[in-house]
Every structure is written in structure tokens, then in C-alpha cells.
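Colleague: Could you walk me through this one slowly, as I am new to reading structures?
Modeller: Gladly; have a look at it first, and then ask whatever you like.

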Amino acid sequence: MPSTMDDAQLAHVESLCETLYLGKPLNPATKDPISREEAQTRLLSLQSSASFIPQCQYILDRSHSQYALLVASNSLTELISTHWNNFTIAQRIDIRNYVLGYLANNGPALQDFVTLSLIKLVCRITKLGWFDDATHRELTEDVTKFLQATVDHCILGLKLLNQLVDELNVPSSGRTLTQHRKTSVSFRDLCLYKVFQLGLTTLRQLQTRAIAATPQQEIILGEQALSLTVRCLNFDFIGTNPDESTEDVGTIQAPSNWRPLLQDPATTELLLDFYAKTDPPRSSKAMEAMILLCSVRRSLFTCDKEREAFLGKIMSGIRELLKNQTGLQHQDNYHQFCRLLGRIKSNYQLSELVKAEGYLEWLDLAASFTTQSIRNWQYSTNSIHYLLTLWGRLVAAVPYVRPETGNKGHVQALENHVLNVVECYIDSMLGSVETVLRSEGALEDPLEDDGSLMEQMDRIPTICRFQYSAATNIILAKFDPLLTKYQELMAHLVSSSTESAPPSVAQQVAILEGQLTWLTYIVGAIVGGHSWSSSRIGDGEETLDASLSKRVFQLAQGIDYRLTSSNGAGKADSKLEVALLYYFQNFRRVYMFMWEQQSSGSSSAIGGMKLESVPSTKQKVYQNMFEHMGLGDHTVIANLIVTKIGKNLKFWPDDYDIIAKTLELLTDIASGYSSSKLLLTLDTVKYLVSHHTHEEFPFLNVPSNSRHRTTFHAILVRLLLSPSGEEKLGIDFEQFMDPIIKTMSQLRSLDSSQLRSEAARQPLIGVFRDLRGVAISLHNRKAYGAMFDILEPHHMPLFSKVADLWYDQPDVIISLLRFMQEFCHNKANRVNFDQSSPNGILLFRATSDVVCAFGRRILANTAAPAGDIYKTRYKGISLALSVLNSALGGNYVCFGVFALYNDPALDNALDVSLKLSLSIPLDHVIAYPKLSKSVFGFIEIMFRNHNKTTMALDTSVFMQLMNAVHEGLQSSDAQIGSTCANSIDHLATFYYENNGKDKPEVHNLNKHLAAQPNLFSSLTATLFNLLLFGPPQNHWAVMRPMLSLMLASESSFTAYKDHLMSTQDAANQALLNDAFNKLLADVSRSLESANRDRFTQKLTAFRVTTRGFLTL
């Protein structure tokens, strides 16, 4: 792109813009085809230097192409953000005034996307220059002129204010959080209140028809003014950086000087009136503003009387809306109104609500609205949880309010309404099953919307436990007839599937199972809501839990009986099975933590005497629970749950969701201290541990369940290796491994053609997945040693043989490499053999054989892979490098032994891995995060522990490594940048500490440096540029190698310093020289930790200081 511009070049830019945005392929001047990528590259050159600012202004002044205007505006924004320090204060103000004038003169005629881009530019200049000159802080006064001009200019002004609030509220890259907060707080104190007033004033003018605008202009003005009001109220007033991913607004920390406006009843009336008289999106925005308004902090009001009056006004407005159902026929309005109801209680205490005038009427109307919404669940699925939140918060606060406070009978009224809401919710959800079924796919099943379902289940326990006895009676009155009817139908369908039944029976079963699914979810949620820390722990609620749980367990037993008697043919609906697992998860969490205490009894021994201790309240409640359930003690119940787990694994092999949730339940039970001990006593668990083969559990043989094989074996081995596990389960680790070893022996006996046959594919994948699961649960030296002894020496050769034969089949090789990655990982120092043991060397040899076998075959296969190159080639390479990285960094091998005894295992592994790393184009390495972590991790280990091999490389190969490190250093991924920085640190430290010594490694490194003398200087320049101008996430990483690099090559540091000084004017040179002097003060010539830390702190201060004045 030329540094000056004329009309011909302007036409060329416009042509490039049409190619980029409209896809026009030809350049009208040359008739040459231009791709969109090429057009984008050429246009982006406008952002490369501050010298292109005149060209951007030329485009804005002369071009009639809206796309060219957009490119010029975006380029100006980027240039000014990047090169801010290059401009004097006067130049910054001139650019600001130019863009404001351009908007004033041309804004109404521009397309929206151009207008917004120019507005963003003005706001960015205002933000960056906020403290430079008072002119920047007067933008709101300048915008007021827009508001007082034509209607189109008024719309422009409102858009400007919206963007200004956003710009000053959201941190931008390249500026510290401290700088952002300083600007943001100043804007809050000086301008935000006035901006808020302007938004409300515009709304009042629209309300009173004071603005002569067309209907379409009124709609736009209303949307912009309401958006501005919402943005002002949503401003981060105190720097809390709220989470924008949630709809819960929290408390609005409005400043005290906002009180008159927020407290004024006219403000509330204005928003409510706007809501009532407009359509979405304006009405829903007005309701969103109401939500924010009612969330202002308590301390804003000077006294309780003011706050009560404010609350009374809001509740009065809500009552009127509920009475008249104003605007609630619109989905957006309805959703926002539900949010408002859910928000009321979170910002006001119940003691304040009950004192409000008309509270009981408000409660009646809210209850009526809730039940009406629940009955019309088809239209309100995503909003129901807000209404349930309201009732949950109301009932949770009842214990803290005296019955005589406020309106008389408010507790009784709340009790009645809550029961109505509970009953309506249950009835509606049960009724939804048949409605969905008869719609034949036209309606979405609420049971399949997992997010909304769990939101509702999270809120059900609090509401139901408020009147728990009555709520339990309601549930049982629904559950018992349905369960009885379902059992009767199952008696007829015992040995056959539901699909084979007559259509009328099948439909009846589907409806019953759907309704039982809802009840199971509800019961699971309620039981999971039991609190052991509650003051009501001794109130007998456990007996109600028992009554509800009994029905669910009876249902589970019935389903299991049918499954077993029909050998898996008679399955219930999968959604019902998932609901049962949800119930078991909640039951486990609440009623499984005391099982060990109950099993051990309530007696203790001191000396030779046995003392009977009095059971605690928790133990009594616990015993009471199982007695009232009437199905047996806790061991029987545990066996029921684990039996259900076993049946799911046996009879649902093809249902990924059920298998995943079943194994998740088993994992959670096995992870509990008390519950895991109980599992060891159960016959079902003993059966699982001794029959973990695909013949018993077919899900192990389903290809899509290969991950679940790993999880399944990890759980079983965890139980087996727990204290007294082998003794209680009646099986030792070797016996457990027998089925896996038997399969491996069969595979080992095959010749190469048989082992590469399709018949061996699934057995191989299964064995490696199982072994990985076993290895995951080996947490100590003894357990790891036991597995190593089983595999070595007979079965280790199979791994390298498979790597050689199956290198081109991702499913097989990935499962092998994942096992090797886990097996070589020295977590918790488990790979720790005796001093005289050769096992560490043998393990590395086996690892080297696998990596070399795979690597050599994949390197020899130069054909372009079909399909996704990552899955077919790079993923395997990434894992192979990870395997070797684990082995090289595991600290269980003395690598000097290999060279001493001429063992090529280490050299072969390093050679193949290096070739694998360099065989992948660098841009591909950077593009795949997992691959880049493996490659750069391997390079870092090479520089850290294997300098002799690294320095002995050919100079061209060594420079390839350094080029990769140089590129990785500039990666947007902080972990990759940190790994590459460590590689540089290792190299520089080695050179500094060994330069001048007579070592082969030093001679080789000097040879590389002689061939590439600017290596250290280019690294120094990159590190300092990243520190001064790079993204903040990389700062800590790039600081570490700076001291070692400066000591290794002081000339490189001096050269960079001189270069940087030469790019600045005289005033900046003095400042920069002072900053460098402070950086080097009190820093000694050593690489000790204390000196490194001191230098790192100085680098941080250096960066902050210099970024304030440096120009690019």
C-alpha cells in the first residue's frame, strides 16, 4: 500500500473492499483475479504504520464506498490504539475533532456499520486521552449538540453515548487494569450521571411527544435511549468485574449523587409506562432497566422510610402489571418480567416485603401468575426457574421473620400459595408427558432440555421442604397410583420389549414412564436438598425422605427385575434410567457419608473394657431413615444401588449417556472415604471385580465406549488397591489382571499378518484402554511395581510390535500411546524402583522402542493422509512426543548409562523424536495447541537435560530448533510462550556458565553461533519487544530468560538498547536512558534465584514506566 494516495489508488482500495466484502473477484484496473484472502492482506497493510493515517483520512473524505469507509475507520482505530504515544496531545485532539465533525456532517447518510465504526474510533480516542486534556472529558457536552439537532443526529448522539459507556466500562488490551480503573472511575464521577440523565430525558421527550419524529425514528430513539439507561445502570461502579455470562445482575452500586433520580417515583413510572405502551425489544429493555433499578444497593437510601417507599412503588407497579397482564403475551417481555419477580426477593428482605402496602395482594397475584406460567410450560420453559427462585427465596426467609411482622397472616398465605405452586408444578409436568407424546415431535420435551431441567431441580427442594409433609403427601398421591399401574403393565410385558406390545399399551407405558421420570427427578432433587447442618435436623424430615425414597427404590427394583428376566429385552425408557441415576447421585451425597460409622456400631473399647456410646443426633436420623424405608439396612440399600449400576452396564451397552452417567455414579461412590469401604463388602462389587470382561459386560466391546473401558477399570483397580481391598474382595491384583494378560498372551502369539488383521483391532484397543485404566489408579510404588512385574519382560515387546504394524490406524495407535503416556508418567513418585533394580532402564527401553517403531514408520510414510491431518497423523505424533517427554522428565532413569554401555535406546528416541518434531510445518505446530505443547515441551527437555545431543546437531537443524522456539515464544498461548522462554533460558544459562571451557558441547555451540552471529541479538530484541508491546499474559514468561540472555551476550542487550533509543525523540531518549539505568541498578552478574527475582521485579517496573511514553 503506497504511503500517499490519489484517486486511482482510492479506486484500487474500493475494488479491494468490494472483493473482500462482496466477493467480486476481478480488479477492474488490471482485470486480474484477486482472492478475498489477498484483498484482506492488502487492506490490512493500512494498519501497519502510523504513516497511513493521512491515507485513511483521504479515503474518508473522498470515497463513496461504504466498505472503503469501514476499512478506513477500522484502520484508524487500530493505528491510534497501537501508536498512541506517537501523537502529540494537539494531534490527538485534532483527530478526535475531525472524526466528530465527519460524523456531524456525514453521519446520517452513512450505513450503520460505518457509523458504529467511527463512533468506536471517537470513544477509543476519548478513553486513551482521558487525562491528556479537558477536551476529551467534554465529549458528553459535544454529544449534547447532536441531541439538540435533527432527529437523525439525536440517534447518532445516543449511539455515541452507548458506545462511550461501553468503552469506558470494558478493559481494553494493552492497558493495565489500574489504568483502566483510573479512567473508568473518573468517567463515573464526571460524566456517567449526566449520560444517565440524557437517556431518561430522551425517554421523557418521547413519552410527551416533544420530539417530532417519524414512527420508525421513534422506535430507534426508544431502543437507543433504553439501551443507554441499561448500560449506565450496568456500569461497573466499584471495579468488581462482574461475570457477564450470568443473567443474575447482583447489586447495583450506584453512587450517592444518583439517589434523587433513582428514588424519584417519576423514574419508575417512566420505565413502567414505556414498558406498557411499546412492543419488544423496547418494552423488554424497559423491563430490564426495571430489574436493574430495583437492584440498587440498600445503603443508597438515607433511611428505611425512603427504601420502603421505593419498594412500595415497585411492588405497586408489579401488581398493576400482573392484574392487567400488560405486555406478557410477548415472549421477551414475559422472560424479563419473570427475572424481575425472581430478583425482588434477592435485593429485599422478607421482613421489608411483608410490611409493604398490598403485599398479600402482590403474593396472590404472583402465585396466580406462577401457576398460570407453569400450566403453559410450552411457552415458558426457560423462565420457570426464575419464578421458582422467587418462591424458594421467600420460603427460605420465613424463619427469620416474626409472624406478627407486617401484613397479618402472611405466613399462612405463603404456605397456601407454596403448596399450590408445588401441586401445580407436579401436575403440569406430569401432564406435559402426554402432551409432548401426542404432539408427535411438534413440541420439545422438557425432559430433554437438560440445562433448564437442572435449573428447576435446583430450586425444587427449598420450596417443597417448606411444607414438607404436605408436599410429600401430594407427591405420594401421584406416585403410588402410577407405580402400581406401571407394575401391573410390567407384569404383562415381563419377557418382551415395550416396542413389541400393542400400540395402545406401548403408548400407555410411554406416558407412565415419562410421568415416573418426572417424579423420580423431583424426589431426587428433594432428597438431595436434605441439610445435615440445618436446625431442623431432628424434626423427622428423614422419615419423609424415606417414604419418597422407598417408591424410587421399588421402581428401580421393578425395572431391574424386568431387565433380568427378559435378558435385557424389556427395557424402560432411557430418560427414566437417567432419572434414577440422578436420584442415586443425590441419595449417595446425602445418605452415604456415615455408612462406615453405622457399620462399626456405636461402641468403643478402652483398655479391655467395651464402652457403649450414645448415638449422635445424625446417627439417630440416619438409622431412622433406613428403618422407615423398610427395605433393609444401609448395606442392603447400597447393594440395590450397585446392582442397578451392574444391570445398566450389562444391559445398556449401546446407550452412551446411560453408561457415562452410571460410571460417573460408581466413580463418585468409590471416591468417598466411607462409601468406598462399604463397596468392598458388597457381593455385586466382588462380581464386578472378578468378571470385568466383555462377555459379562457387553458395553466394553462397543467401539464408542472405549473411553468408558478406561474409566471402568480405573474404578475397579482403585477399589482393589484401597486398604484391605484385596482381602475383602477375595481377589489379588494379579488375579484381577488375568483376563487382560490372557488376551495379551493371545495377541502376542499371533504372527505379524494376524496381528495386523481386522480381527485383532478391537482386542488391541480394548487391552490398551484397560491397561490405561489400571495405570491411572496406581498411586504408589508398590502398586506400580506389581503392574510392571506383570508386563515385563514377556508383554512389553508387544507394544513396539503393535506400534510398528498399526502406525497408520489412529484408533489403535492412539489407545496404545495414551496407555504408554499414563504408564510412563511418574505421578506421586510412583515410578521408584530399588537402587539395584534395572527396571527404570528397562521401562525407558520399552518406551524408546514404541516411540521409535511408530516414529520411523510414520516418517517413512510420506503420502498425503486422507481426511483430517490432525487425527490421522499429528495426534499420534503429539502423543508419541508426550510419551517420551514423560519418560525423559520422569526422573527415574540415569541417562548417562546408555552412552556408557553403548546402548542406543536414548539416542534413537531423541533422534526419531527430533525428526518427528521437525517433520511438521511450523505453522501447523502453532495451529494445534496440543501438538505445539508436545513439540515445544520436547525441545525444552532437549535444552534442559540433553545439551550434548542438542549442541552436536548440524547447524541447520539447530537453527531450525531455534527458529521454532523463536516463533513459539510469540504464541498467544501463554503456556507455549513460557515453555519456549525456558528453552532460551536453558541455552543462555549453559552458554554463560560454560563459555570458554574446553567441552565438546561448548565448541559445537560456538560453531552454531559463528554461523548465525545474530542469534542472541534477535532473541533479545524479541523478548524485549514482547515485554514492552506484547499481550500481558506473556509478560511473566518472557521475563525469566532475560537476565541469562543479557549475561550470555551483553553486546546484544546494548545493541537493542541503542536501537530503541534511536527510534525516540530527544525527550523520550532521556526518559528511556533513565529507565534502563534503574533496570540495571543493584543487579549482580549471577544467575542465583535471589538475583533473578530482583531483576524480574525491576523488569515489571521498567515495562510500566516505559509504556507510558514510548512511541512505535
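**Talking through the model**

Modeller: Let me begin with leucine 519, which counts as buried because its relative accessibility is 0%, where buried means under 20% relative accessible area, exposed means over 50% and partly exposed is in between, with a 1.4 Å probe and protein chains only. This is a predicted model, in which local features need pLDDT of at least 70 and side-chain atom pairs count only at pLDDT 80 or more, while totals for chains, interfaces and linings use all residues. Residues are numbered from 1 along each chain as its sequence is written, and side-chain values use heavy atoms, with hydrogens and water left out.

Colleague: Which helix does leucine 519 lie in, and what is leucine 519 in contact with?
Modeller: Leucine 519 belongs to helix H22, residues 503-528; helices here are DSSP runs of H or I with at least four residues, strands are runs of E with at least two, and both are numbered from the N terminus. Leaving aside neighbours within four places in sequence, leucine 519 is in contact (heavy atoms within 4.5 Å) with Ile426, Leu430, Ile475, Lys478, Phe479 and Leu482. Phenylalanine 479 is 40 residues from leucine 519 in sequence, yet their C-alpha atoms are 6.9 Å apart in space.

Colleague: And the largest nonpolar core, which residues touch the most other members there?
Modeller: They are Trp391, Phe587, Leu771 and Phe799, out of 374 residues in that core, and helix H19 (residues 410-439) gives the most to this core, with 14 residues. A nonpolar core is a set of buried Ala, Val, Leu, Ile, Met, Phe, Trp, Tyr and Cys residues joined through side-chain atoms within 4.5 Å. In soluble globular proteins, nonpolar side chains tend to be buried together.

Colleague: What does phenylalanine 799 contact, beyond its neighbours within four places in sequence?
Modeller: Its contacts include Phe768 and Leu771, and both of those are among the buried residues of helix H35.

Colleague: How many residues of H35 are buried?
Modeller: H35 is mostly covered, with 12 of its 16 residues buried, and the helices that its buried residues pack against include H33 (733-748), H36 (781-791) and H37 (796-805). The end C-alpha atoms of H35 (residues 761-776) are 23 Å apart, which agrees with the 22 Å that its 16 residues should span at 1.5 Å a residue, the expected span being 1.5 Å times one less than the number of residues.

Colleague: Changing topic, how many salt bridges does the structure hold?
Modeller: There are 48, a salt bridge being a side-chain nitrogen of Lys or Arg within 4 Å of a carboxyl oxygen of Asp or Glu. In one of them, the side chains of aspartate 811 and arginine 761 meet at 2.9 Å, N to O. That pair links distant parts of the chain, since aspartate 811 is in helix H38 and arginine 761 is in helix H35, 50 residues apart.

Colleague: Are those two buried or exposed?
Modeller: Aspartate 811 counts as partly exposed, because its relative accessibility is 34%, whereas arginine 761, at 12%, counts as buried.

Colleague: What about a salt bridge within one helix, such as glutamate 320 with lysine 323?
Modeller: Their closest N and O atoms are 3.8 Å apart, and both residues lie in helix H14, three residues apart, about one turn of the helix. An α-helix has 3.6 residues a turn, so residues three or four places apart point the same way. Glutamate 320 is partly exposed at 38% relative accessibility, and lysine 323 is partly exposed too, at 43%.
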